[in-house]
Amino acid sequence: MWWKSSFVVLFCLLILSCKDDASKEEQKQSIKMEETFPFSDSEKVEIISYPCRIYWDTIQNNNGINILDPVVNKKLAVNTSGIKDRVILNDDSENKLFNYLFVNDCPDNFSVAGCFNPRHCVLFYNEQEEIIAYFEVCLDCGTYEASQGMEVNEICLERIGALYKIFKQTGIKYFGEEK
């Protein structure tokens, strides 16, 4: 008889687990772009692409070579002579990017890497044309840096192809140095 009560307990736990997953999914679906920073405060969103910054936009210090911040004092700090593409997102592209960054998740068992050869940066501008947030990403490994206050979902190797596709659909043509 003990196995019947154990079965009932396991069954109840399974049902509660499913409800938990459903409520997490409902919470994700209820996230609104107009209420989520930085989209909520942005007048326009731009994607820029450039050669791997580790080779041309760095500083040498006691800890070795560091990549410079792409934005300083609400202005683009990347050397503009290295920029290959600049694309302003339309509403459809902004929605796709928002869903990628804030709604869609990595699978339960996901892969990460850590090369960080950034070649793309998403810039969020306010009405005064100041950059209020940024998201710089390496499409080789999924490693990223986001500005303070920008809390995005985990980026993993299983999802990086979707971000590549979003960038390509916006008109970005440069994705890395020729091998």
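Asn 73 lies in the loop between strand E4 (71–72) and strand E5 (75–76), where helices (H or I, at least four residues) and strands (E, at least two) are DSSP runs numbered from the N terminus. This is a predicted model, in which local features need pLDDT of at least 70 and side-chain atom pairs count only at pLDDT 80 or more, while totals for chains, interfaces and linings use all residues. Residues are numbered from 1 along each chain as its sequence is written, and side-chain values use heavy atoms, with hydrogens and water left out.

**Backbone exceptions**

- Most residues other than glycine have a negative phi, and most peptide bonds are trans.
- Asn 73 has a positive phi, near 55°, and is exposed with a relative accessible area of 69%; buried means under 20% relative accessible area, exposed over 50%, and partly exposed in between (1.4 Å probe, protein chains only).
- Lys 74, in the loop between E4 and E5, likewise has a positive phi, of about 65°, although it is not a glycine, and at 43% relative accessibility it counts as partly exposed.
- Phe 37 and Pro 38 are joined by a cis peptide bond with omega of about 5°, and Pro 38 is found in the loop between helix H1 (2–29) and E1.

**Helix H3**

- Helix H3 (residues 157–170) has 14 residues and spans 21 Å from its first C-alpha to its last, close to the 20 Å expected at 1.5 Å a residue, the expected span being 1.5 Å times one less than the number of residues.
- The buried residues of H3 are Arg 159, Ile 160, Leu 163, Ile 166, Phe 167 and Thr 170.
- Seen down the axis of H3, these buried residues fall within an arc of 115°, so they line one face of the helix; the arc is that of the directions from the helix axis to the C-beta atoms.
- The buried residues of H3 pack against strand E1 (44–49), strand E6 (85–88), helix H2 (91–103), strand E7 (120–125) and strand E8 (131–137), contact meaning heavy atoms within 4.5 Å.
- Just after H3, Gly 171 takes a positive phi of about 120°.

**Cysteines**

- The structure holds one disulfide, a disulfide being a pair of cysteine sulfur atoms within 2.5 Å.
- Cys 106 and Cys 156 form this disulfide, with their sulfur atoms 2.2 Å apart, and the link is left-handed, with -120° about the S-S bond.
- The pair links distant parts of the chain, 50 residues apart, with Cys 106 in the loop between H2 and E7 and Cys 156 in the loop between strand E9 (144–146) and H3.
- Cys 106 counts as buried at 13% relative accessibility, as does Cys 156 at 0%.
- Cys 141 is in no disulfide, and the nearest cysteine sulfur, that of Cys 115, is 3.2 Å away.

**Nonpolar cores**

- Of the 27 residues in the largest nonpolar core, Phe 39, Leu 97, Leu 101, Val 122, Phe 135, Leu 163 and Phe 167 touch the most other members; such a core is a set of buried Ala, Val, Leu, Ile, Met, Phe, Trp, Tyr and Cys residues joined through side-chain atoms within 4.5 Å.
- E1, H2, E7, E8 and H3 each supply at least two residues of this core, and H2 gives the most, with six residues.
- A second, separate core of 10 residues includes Tyr 50, Val 71, Cys 121 and Leu 123.
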